[in-house]
Amino acid sequence: MKPPRYTQEYEAWFSAQDEESKILINAKVLVLAEFGSHLGRPYVDTIKGSKYKKLKELRFTNKKVVFRILFIFDESRDCWLLIGGNKKGKNKDDFYKKLIKRAEEIIEKNPEILEKKR
């Protein structure tokens, strides 16, 4: 099991969560690390509307938050956690449009995510 890599943006988002949420997030990220690209619905779904076909979301909830964490697998099959958000109470289309745009900006700012490893 390879631990996922993460961006500064993901780290900042994660750090802003309360302790209960951090425990839940870490548990779900461990499941993602264990199953990798084989993990499917209801835990993971493909993102529609992104220029990156490999962009996916880790999906889960707790009592007060509908978590969505966008991630991508690089050419070496390393998982990169890009950014997270709370979908609860938000317009679905607006939420995803903003989160996808932010994830794409993060990918473009961090070329090592998509670089082909030798």
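1. A quick definition to start: two strands pair if DSSP finds at least two bridges between them. In this predicted model, strand β2 (residues 44–46) and strand β3 (residues 56–61) are joined by 3 bridges and run antiparallel.

2. Moving along the sheet, β3 also meets strand β4 (residues 66–73), again in an antiparallel arrangement, with 6 bridges joining the two.

3. In β3, Leu 58 is the bridge partner of Val 44. Looking towards β4, the bridge partner of Leu 58 is Ile 69.

4. Now to the aromatic rings: how many aromatic pairs does a search of the whole structure find? The search finds 7. Take Tyr 6 and Tyr 10, whose ring centres are 6.2 Å apart, with the planes at 50°. Stacked would need planes under 30 degrees apart and edge-to-face over 60, so at 50° this pair counts as tilted.

5. Is Tyr 10 buried or exposed? Tyr 10 has a relative accessible area of 5%, so it is buried. Tyr 6, by contrast, is partly exposed, with a relative accessible area of 45%.

6. Ring pairs link Tyr 6 and Tyr 10 with Trp 13, Phe 14, Phe 60 and Phe 67 into a cluster.

Definitions and conventions
Residues are numbered from 1 along each chain as its sequence is written. This is a predicted model: local features need pLDDT of at least 70, side-chain atom pairs count only at pLDDT 80 or more; totals for chains, interfaces and linings use all residues. Side-chain values use heavy atoms; hydrogens and water are left out. Helices (H or I, at least four residues) and strands (E, at least two) are DSSP runs, numbered from the N terminus. Rings of Phe, Tyr and Trp (its six-membered ring) pair if their centres lie within 6.5 Å; planes under 30 degrees apart count as stacked, over 60 as edge-to-face and the rest as tilted. Buried means under 20% relative accessible area, exposed over 50%, partly exposed in between (1.4 Å probe, protein chains only).
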